Amino acid sequence: MELLKETIDIAIIVILGLMAFLALLFTIERLIFLRRAAKNLDAWATQDEFDTALTNNLTTIYIVYSNAPYVGLLGTVVGIMITFYDMGRSASIDASQIMTGLSLALYATALGLVVAIPSLIAYNALNRRIAVVSSQFKVHLQSSQSSPGASPGTAGAAAPAAAAAGAASARNAA
């Protein structure tokens, strides 16, 4: 039974470690992508394409934060089952042995929460940043469409220049 307990402990730690690594990896990747996307808004033609590109890999972070507590809970439940099994097989019940077994079983839940909470924070922060960058793109798209013939990067400067040219031609005509 001790081999089973150690195997399950190692499996839970490896699974949660992998989940934490993936969440960290995709969080860093999204942060880098969002920084680059905010600087290069001309790379996308439509709002849908832009929003799809912004939200890539968020599903993985969501899966990690929503499932890590369950993986930890699974480790805890199995640890408690093994502790109760050991209690049933022994002739005497030692309270210190029971408490030690139960406390060691609960570390899996704590580890699951240690993985889930930062993943949840990262997911929410990335969603907020995505909303901000998406709004910037929407404004950029509207400004580039409001001045036909202007390149998207110069749309803001083209509108005042066109107004000044129109005013000058009106003065010359009078």
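This is a predicted model: local features need pLDDT of at least 70, side-chain atom pairs count only at pLDDT 80 or more; totals for chains, interfaces and linings use all residues.
Trainee: Which order do the elements of the chain follow from the N terminus on?

Mentor: The chain contains five helices and zero strands, and of its 174 residues 28% are buried. Among the contacts with a separation of 6 or more, 83% join residues 24 or more positions apart. Read from the N terminus, the elements run α-α-α-α-α.

Trainee: Which element gives the largest share of the largest nonpolar core?

Mentor: That core has 17 residues, and those with the most contacts inside it are Trp44, Phe50, Leu54, Leu58, Ile61 and Phe137. Two or more residues each come from helix H1 (2–39), H2, H3 and helix H4 (95–146). The largest share, six residues, is given by H4.

Trainee: With which residues is isoleucine 61 in contact, leaving aside its neighbours within four places in sequence?

Mentor: Isoleucine 61 is one of the residues with the most contacts inside the largest nonpolar core, and its number places it in helix H3, which covers residues 58–89. Once the neighbours within four places in sequence are left aside, the contacts of isoleucine 61 are Ala23, Phe26, Thr27, Ser119, Tyr123 and Leu126.

Trainee: How many residues apart in sequence are the parts that the pair of phenylalanine 33 and tryptophan 44 ties together?

Mentor: The structure holds six aromatic pairs, and in this one the rings stand edge-to-face, 6.1 Å centre to centre with 75 degrees between the planes. Phenylalanine 33 is partly exposed at a relative accessible area of 21%, whereas tryptophan 44, at 19%, is buried; ring pairs also link both of them with Phe50 and Phe137 into a cluster. Because phenylalanine 33 belongs to helix H1 and tryptophan 44 to the loop between H1 and H2, the parts tied together are eleven residues apart.

Trainee: Why is the pair of tyrosine 62 and tyrosine 65 edge-to-face?

Mentor: Both tyrosines lie in helix H3, three residues apart, which is about one turn of the helix, and tyrosine 62 is partly exposed at 38% relative accessibility. Residues three or four places apart in an α-helix point the same way, because there are 3.6 residues a turn. The ring centres of tyrosine 62 and tyrosine 65 are 5.2 Å apart and their planes meet at 85 degrees, so the pair counts as edge-to-face.

Trainee: What is the phi of asparagine 57, about how many degrees?

Mentor: Asparagine 57 sits in the loop between helix H2 (47–55) and H3, and it is partly exposed, with 27% relative accessibility. Most residues other than glycine have a negative phi. Although asparagine 57 is not a glycine, its phi is positive, at about 70 degrees.

Trainee: Which residue forms a salt bridge with glutamate 29?

Mentor: Side chains of opposite charge can pair when their charged atoms come close. The closest N and O atoms are 2.8 Å apart, and the partner of glutamate 29 is arginine 30.

How values were computed:
Residues are numbered from 1 along each chain as its sequence is written. Side-chain values use heavy atoms; hydrogens and water are left out. Helices (H or I, at least four residues) and strands (E, at least two) are DSSP runs, numbered from the N terminus. The expected span of a helix is 1.5 Å times one less than its number of residues. Buried means under 20% relative accessible area, exposed over 50%, partly exposed in between (1.4 Å probe, protein chains only). A salt bridge is a side-chain nitrogen of Lys or Arg within 4 Å of a carboxyl oxygen of Asp or Glu. A nonpolar core is a set of buried Ala, Val, Leu, Ile, Met, Phe, Trp, Tyr and Cys residues joined through side-chain atoms within 4.5 Å. Contact means heavy atoms within 4.5 Å. Rings of Phe, Tyr and Trp (its six-membered ring) pair if their centres lie within 6.5 Å; planes under 30 degrees apart count as stacked, over 60 as edge-to-face and the rest as tilted.
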